[in-house]
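Student: Hi, could we walk through a few residues of this model together?
Tutor: Gladly, ask away.
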Amino acid sequence: MISVNVLTYNGEKLIGPCLKSVSKQTYPQIEVLIIDNDSKDKSVEKVRETKIKFPLRIIENKENIGFAAGHNQGIRESRGEYVFCLNQDIVLEKDFIEKIVERMEKDEKIGAIQGRLYKIDDINNPRKEIIDTTGLLMFKNRRVVNRGQGERENGQYNESEEIFGADGAAPIYRRKALEDVKINNEYFDESFFCYKEDIDLSWRMRVFGWKIVYEPKAVGYHLRGAGETATTKTAEIIRQRRKISSFAKLHSFKNQRLMQIKNEMPSLFFGQFFS
């Protein structure tokens with residue numbers, strides 16, 4: 001069984017299409033868990049009125065406890081062999097989960113899988129035009145980007161392959177791997193609150209010897225709020241960062257350093273940096 005854990009926050013206009021796409025999944029063994037982080041709109045009401053064919057539970061938090069703590073709560077409360085941490089701003093093609101589970105079951109050392117996500121502007125009108133992500137890519141200087149982000153679809157990234165990490169918008173984890181790498185009963189590091197916790201978890205899984213794989217046959221669509229391209233050009237990087245809020249910049253800066261302190265291996269860093 002796979003547990004689809006959806007973390008919601010003021011997602012009244014998004015959660016309906018997201019849940020409907022989950023309900024259309026061809027894979028039969030699914031449970032759905034909604035973790036609401038004290039939404040101020042009608043997110044929870046929208047969940048209750050959306051009819052889906054799989055068992056559904058709702059956790060209503062009395063405060064916004066963040067991405068990491070919210071998903072940790074869902075992981076602990078769910079029961080599936082695989083855990084799908086799904087954003088509320090994503091819709092899936094009907095065989096997304098089927099393709100992921102099929103790939104997972106081919107190799108027991110896969111700890112996480114990244115599907116092929118396209119960037120969209122309208123959650124009700126998904127199109128395969130612009131790539132959102134095909135997984136996390138880390139450079140020698142430890143900058144991490146979403147591979148392929150902003151590229152126009154042209155038949156690239158069509159091979160299933162091992163990657164550095166799974167983006168936090170729609171990662172699927174093997175529960176055995178999550179239990180193996182957790183620290184103080186935390187899967188995502190709750191000191192991060194938000195931003196880069198997905199990179200931290202991917203890095204930790206790799207340190208522990210788990211594989212992270214990209215599966216192009218699993219297709220979804222993401223109404224991403226930040227991030228445009230996976231550019232390496234300094235001027236373009238600066239331009240994109242100017243669009244990021246002060247809140248996001250603060251947490252991104254803090255969490256980047258914390259992540260490196262936790263996971264970095266000096267011999268590997270210096271060996272790669274000067275190679």
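Student: Is Gln-88 buried or exposed?
Tutor: Gln-88 is buried, at 13% relative accessibility. Buried means under 20% relative accessible area, exposed over 50%, and partly exposed in between (1.4 Å probe, protein chains only). Keep in mind that this is a predicted model, where local features need pLDDT of at least 70, side-chain atom pairs count only at pLDDT 80 or more, and totals for chains, interfaces and linings use all residues. Residues are numbered from 1 along each chain as its sequence is written, and side-chain values use heavy atoms, with hydrogens and water left out.

Student: Where is Gln-88, then?
Tutor: In the loop between strand S4 (82–87) and strand S5 (90–92). Helices (H or I, at least four residues) and strands (E, at least two) are DSSP runs, numbered from the N terminus.

Student: And what does the side chain of Gln-88 reach?
Tutor: The backbone nitrogen of Tyr-9, at 3.1 Å.

Student: Switching to salt bridges: how many does the structure hold?
Tutor: There are 17. A salt bridge here is a side-chain nitrogen of Lys or Arg within 4 Å of a carboxyl oxygen of Asp or Glu.

Student: Which residue does Asp-132 meet in a salt bridge?
Tutor: Arg-224, at 2.6 Å from N to O. Asp-132 lies in strand S7 (residues 130–133) and Arg-224 in the loop between strand S12 (211–222) and helix H7 (234–241), so the pair ties together parts that are 92 residues apart in sequence.

Student: How accessible are the two partners, buried or exposed?
Tutor: Asp-132 is buried at 0% relative accessibility, and Arg-224 is buried as well, at 17%.

Student: What does Asp-167 do with Arg-224?
Tutor: Their side chains meet in a salt bridge too, at 3.2 Å from N to O. That pair links distant parts of the chain, 57 residues apart, with Asp-167 in the loop between S10 and strand S11 (172–174). Both Asp-167 and Arg-224 are buried.

Student: What about Lys-40, buried or exposed?
Tutor: Lys-40 is exposed, at 63% relative accessibility. Lys-40 forms a salt bridge with Asp-38, and the closest N and O atoms are 2.8 Å apart.

Notes. Polar contact = N/O pair within 3.5 Å; in protein donor to acceptor, adjacent residues only side chain to side chain.
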